[in-house]
Amino acid sequence: MERNQSVCKPVSAFDMGGVLMLGFTTFNAMTQVLQHDYGKSKVTLFQIRAAIKAVKAERSEPSPSGGKRKAVAARKVGSVSSTKSRKSA
Amino acid sequence: MKTSKAYARQVFLNCPFDDGYRAIYEAIIFAVIHCGFVIRCARERDDSGETRIAKIVEIIRDSQFGIHDISRVECDETNGLPRFNMPLELGLFLGAKSFSDQPKQKKKRCLILDSEPYRYQKFISDIAGQDIRSHGGKAMTAMKQTRDWLATVSNRRLPGPVETESLYNEFQKDLPDILAKLALRPTEVQFVEYVKVAMEWLKDRQQSA
């Protein structure tokens with residue numbers, strides 16, 4: 001195995017009437033996303049998680065026409081973003 | 001999900017934040033988070049009661065690793081002057097490593113990024129001997145450089161570059177819709193907002209795996 005290659009872990013140990021079958025998925029158990037308190041922002045973690053789950057649900061829904069699903073219209077969850085221009089560092 | 005403020009897991013990011021550089025710093029931030037580190041930056045706090053340099057010093061003190069992009073050496077169009085913030089913060093980081101008596105500060109490691117190889121010799125030659133890499137102005141190259149460097153200096157097992165790039169591409173496809181639901185314009189997303197979205201997206205992915 002190459003150094004730093006994603007670690008494989010078994011996801012199903014038994015299958016097919018008692019015959020031992022091992023299924024693997026590439027999931028790196030060593031790199032959990034670490035939490036850090038960055039303080040306040042315009043959107044809360046709750047809002048972000050809800051938005052991610054909503055997008056995920058939309059991706060899994062089949063499009064009525066069978067074609068590619070279009071991005072949904074913006075829906076206010078938090079405060080309106082400011083129009084302050086970005087400055088370079 | 002672990003909560004950790006360990007010094008050895010924090011990466012200080014010193015880079016431009018203009019629209020022209022956005023693709024690169026978003027890729028770098030994603031790579032750092034995916035590799036299991038905490039990304040820190042002067043833009044994470046907007047406390048008017050604190051001077052910016054004090055904020056930067058505190059973050060540098062808390063971070064074993066630093067990524068410094070010095071590619072923005074062009075003069076500003078409005079005033080004809082170059083910006084020195086990135087080299088200044090790089091100097092602070094190197095100084096913290098050299099002048100501190102704390103053993104953990106001596107362990108600081110930094111990655112210096114430029115757009116072209118060896119170009120630094122023309123305008124900041126004193127940094128010769130540091131870990132300097134070029135990204136050619138390409139986000140995916142910067143991402144790979146970041147991931148590979150973290151794998152080397154941290155001595156930890158990290159996701160492979162192909163996995164990080166693949167996830168990043170998926171994240172970028174979801175990002176516009178996520179921001180739309182949060183009523184955020186892509187060009188106005190602040191550092192903290194982007195980091196939080198990337199973190200939660202990756203957490204969701206790992207929980208689904």
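Predicted model: local features only at pLDDT ≥ 70, side-chain atom pairs only at ≥ 80, totals over all residues.
Helix 7 of chain B comprises residues 191-208.

Two packed helices are described by the angle between their axes and the distance between the axes. Helix 7 of chain B packs with helix 1 of chain A (residues 45-60) at an angle of about 55 degrees, and the axes are 10 Å apart. The two helices are therefore oblique to each other, and their crossing is right-handed.

Over all chains, the structure holds 11 aromatic pairs. One aromatic cluster is formed by Tyr38(A) together with Phe17(B), Tyr21(B), Tyr25(B) and Phe191(B). Charged side chains also lie over aromatic rings in chain B: Lys108(B) places its charged end over the ring of Phe93(B), and Arg156(B) lies over the face of Phe37(B).

| Charged residue | Ring | Distance to ring centre |
|---|---|---|
| Lys108(B) | Phe93(B) | 5.3 Å |
| Arg156(B) | Phe37(B) | 4.9 Å |

Most residues other than glycine have a negative phi. Asn155(B), although not a glycine, has a positive phi of about 60 degrees. Asn155(B) is located in the loop between helix 5 (139-154) and helix 6 (161-181) of chain B, and its relative accessibility is 65%, so it counts as exposed. Ala183(B), also not a glycine, has a positive phi of about 60 degrees. Ala183(B) occupies the loop between helix 6 and helix 7 of chain B; with a relative accessibility of 17%, it counts as buried.

Technical notes:
Residues numbered from 1 in each chain as written. Chains lettered and ligands numbered in written order. Heavy atoms only, no water. Helix = DSSP H or I, 4+ residues; strand = E, 2+ residues; numbered from the N terminus. Expected span 1.5 Å × (residues − 1). Phe/Tyr/Trp six-rings, centres within 6.5 Å; stacked < 30°, edge-to-face > 60°. Lys NZ or Arg CZ within 6 Å of the ring centre and 35° of its normal. Axes fitted to C-alpha atoms, helices over the stretch in contact; angles between N-to-C directions. Parallel < 35°, antiparallel > 145°, perpendicular 65-115°, else oblique. Left-handed = near helix turned anticlockwise from the far one by under 90°. Buried < 20%, exposed > 50% of the residue type's maximum accessible area, 1.4 Å probe, protein only.
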